[in-house]
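Subject: The structure I promised you

Hi there,

Here is the structure I said I would pass on. Have a look at it first, and my notes follow below.

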Amino acid sequence: MSVLIAVTALPCGLVIGLLLGALGGGGSVLAVPALVYLLGQSPHEATAGALVVVTVGAVTGLVCHARAGRVRWAAGAAFGALGTAGSYLGSRWSAALDPTVLMAAFAGLMLVVAVMLLVRGLRAAREADGTGLPGTPRPVSAEPLRDSRSAPASSGSPAPIRPARVAATASAVGLLTGFFGVGGGFVVVPALTLVLGLEMPVAIGTSLLVILVNSLTALGTRAGTGTLDWPLLAGFAACAAVGSNLGNRLTSRLRPQALTTAFAGLVTVLAVAMAAVALPHLWAP
């Protein structure tokens, strides 16, 4: 690995880990374009190598969130296990796909990620501004604060869990992980909040366990199907681990919606650029 490539890999891995730790997903979608366009990997090598980066970043972030009590191990393990079949199939399909088609599809995925992140950021902003929500707002006073300290958590009556819906969502997440080499946290986090009724900080921590299970499955499926540049990926993944740790610390210090909106804009720009490169090759005779 040359010095130039190493210098390029380090900040890319740091940014990816930072976003992975802060948002519980999304940052890994940058790994594939970084490996292809900045570090000279082929699309198939990049989707496999990105899984290594995602796995290391997920482990580091998971440890941090677990220490803070923001991981539901049983729910995350079950969700991840349900996605292993999709992860296996996605890895097989990705390996058989034309590289140009793979990159064009990845550009489409990035646009979907950007839209989902923007929607999530807007929803979080509305929830933070309680005056805009229906219902009767409570006055802020010392008495309610005392009551809230002694009252049980609001998670006592979660929405009913539909097993078929959980299995379908988990399989779709696994398919994304195996096919594109991404963690799928941009789908896992809202799924864990809507389908399993987890609160956002807990969903972010638990999503990293789901990402870890799916990534390991996809890596196992791809084992022996190609060669990986391990020195490059080791440096990339080490920086992702450091960034994931920093991102976890930033979760409670930065406005999540501001970070999400900025990241969605970056993903949109990258998606348009990737599509501009890939689509002419698809239409060429």
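How many helices and how many strands are there in the protein? There are 12 helices and zero strands, where helices (H or I, at least four residues) and strands (E, at least two) are DSSP runs, numbered from the N terminus.

A word on the source: this is a predicted model, in which local features need pLDDT of at least 70 and side-chain atom pairs count only at pLDDT 80 or more, while totals for chains, interfaces and linings use all residues. Residues are numbered from 1 along each chain as its sequence is written, and side-chain values use heavy atoms, with hydrogens and water left out.

**Overall**

Of the 285 residues, 44% count as buried (under 20% relative accessible area; exposed is over 50% and partly exposed in between, with a 1.4 Å probe and protein chains only). The accessible surface comes to about 13700 Å², and carbon and sulfur atoms hold 69% of that (Shrake-Rupley method, 1.4 Å probe; for residues, only the protein chains shown count as cover). Among contacts (heavy atoms within 4.5 Å) with a separation of 6 or more, 85% join residues 24 or more positions apart.

**Helix α2**

Helix α2 (residues 31-38) is largely enclosed by the rest of the structure, because six of its eight residues are buried. Those buried are Ala 31, Val 32, Pro 33, Ala 34, Leu 35 and Val 36. Just after α2, Gly 40 has a positive phi of about 75°.

**α5 against α8**

The axes of α5 (residues 84-95) and α8 (residues 163-180) come within 6 Å and cross at roughly 30° (axes are lines fitted to C-alpha atoms, for helices over the stretch in contact; angles run from 0 to 180 degrees between N-to-C directions). From α5, the contact uses Gly 86, Ser 87, Leu 89, Gly 90, Ser 91, Trp 93 and Ser 94, and from α8, Ser 171, Gly 174, Leu 175, Gly 178 and Phe 179. These residues divide into four nonpolar, eight polar and no charged (Ala, Val, Leu, Ile, Met, Phe, Trp, Tyr, Cys and Pro count as nonpolar, Asp, Glu, Lys and Arg as charged, and the others, Gly among them, as polar).

**Cysteines and Ala 78**

Cys 64 is buried at 13% relative accessible area, and Cys 239 is buried at 15%. The whole structure has zero disulfides (pairs of cysteine sulfur atoms within 2.5 Å). Ala 78, in helix α4 (residues 73-82), is partly exposed at 41%. Its C-alpha atom is separated by 10.0 Å from that of Leu 209, 131 residues apart along the chain.

Best wishes
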